Amino acid sequence: MNTISIIGCGWLGFDLAKELLKNSNYRVKGSTTSSNKLSVLKDNGILPFLIDTTKRISLDEILICDILIITIPPKENESYLKFLHTLSKHKHISNIKQILFISSTSIYPSIKKEFKEDEIINRNNTSKKVVYDAEQIILSINNSVILRCAGLMGYNRIAGKYFANKTITCQNERVNYIHKDDVINIIKSVIQKNIHNEIYNLCSPIHPKKAEVYLLNAKKYNFLAPIFKDNLPTKNRIINTDKVIEELGYVYKYNNPLNYD
């Protein structure tokens, strides 16, 4: 039986843990920053740990595992990177067979271009320095896999709802989204195929226009449509996901954000 530890059982990590537990060969440990959620994790078969990245806390027990998955979202503070650095230097880290880090496609420069995993990125051209710094820490660990996720959507995360009845620009801009189900399925594939020392973009292969997605969802989920004022030039920044499809043989469950549930 393999022990999988998930640091960050939030919106993605909690459902990931429950999905992994469907495999009888997996034992799952999971962390939360809320003491109130410890019982929720336990009730779902997850061995719970209270880990706050802003506080000094022992990682000894949760890092005794075969596979480590880090799903905590990047935070613009010193404690986040300090936590990752502490984790990367921990005495147990070299014993872990596979480490998966949920990163973000926001690491790519904010320019009009199609981005693949071999894009040259540095601290000067990245659009989000904290994501770049976090990846550099994780890449220093052997057996690590970086999964750069586009905008995470699905279930209660509905593209456009935040902008209901608000004025926004660039209606013709192409979107880069990934459904939570596909993220979880790709993680399972990476584990099953025993992938090491790789970087993958996770993004639905089809990139409809922002207005198409937002207006469809407004009608589908009954919220006020955004008001589009297209006074800015379109800057299409496309995330290419060919590597996941070709190397993992992955078939997206949702290849088009217009079809998300």
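This is a short talk on the fold of one predicted protein model.

Okay, some housekeeping. Residues count from 1 along each chain as its sequence is written. Because the model is predicted, local features need pLDDT of at least 70 and side-chain atom pairs pLDDT 80 or more, while totals for chains, interfaces and linings use all residues, and side-chain values use heavy atoms, with hydrogens and water left out.

So, what's in the chain? We get 7 helices and 13 strands; those are DSSP runs numbered from the N terminus, helices being H or I with at least four residues and strands E with at least two. The radius of gyration, taken over C-alpha atoms, is 19 Å, close to the 18 Å from the globule rule (2.2 Å times the number of residues to the power 0.38), so for its 261 residues the chain is as compact as a globular protein of that length.

Now the sheet. 7 strands line up as E3-E2-E1-E4-E5-E7-E11, an open sheet with parallel pairing; two strands pair if DSSP finds at least two bridges between them. Which strands stand at the edges? E3 (47–50) and E11 (198–202) do, each with a single partner strand, so one side of each has no neighbour in the sheet.

Zoom in on E5 (residues 98–104) and E7 (residues 144–149): they're parallel over 6 bridges. Serine 104 has cysteine 149 in E7 as its bridge partner.

Helix H5 (residues 180–192) packs on this sheet, touching strands including E1, E5 and E11, where contact means heavy atoms within 4.5 Å. Its direction makes about 150° with that of E5; axes are lines fitted to C-alpha atoms, for helices over the stretch in contact, and angles run from 0 to 180 degrees between N-to-C directions.
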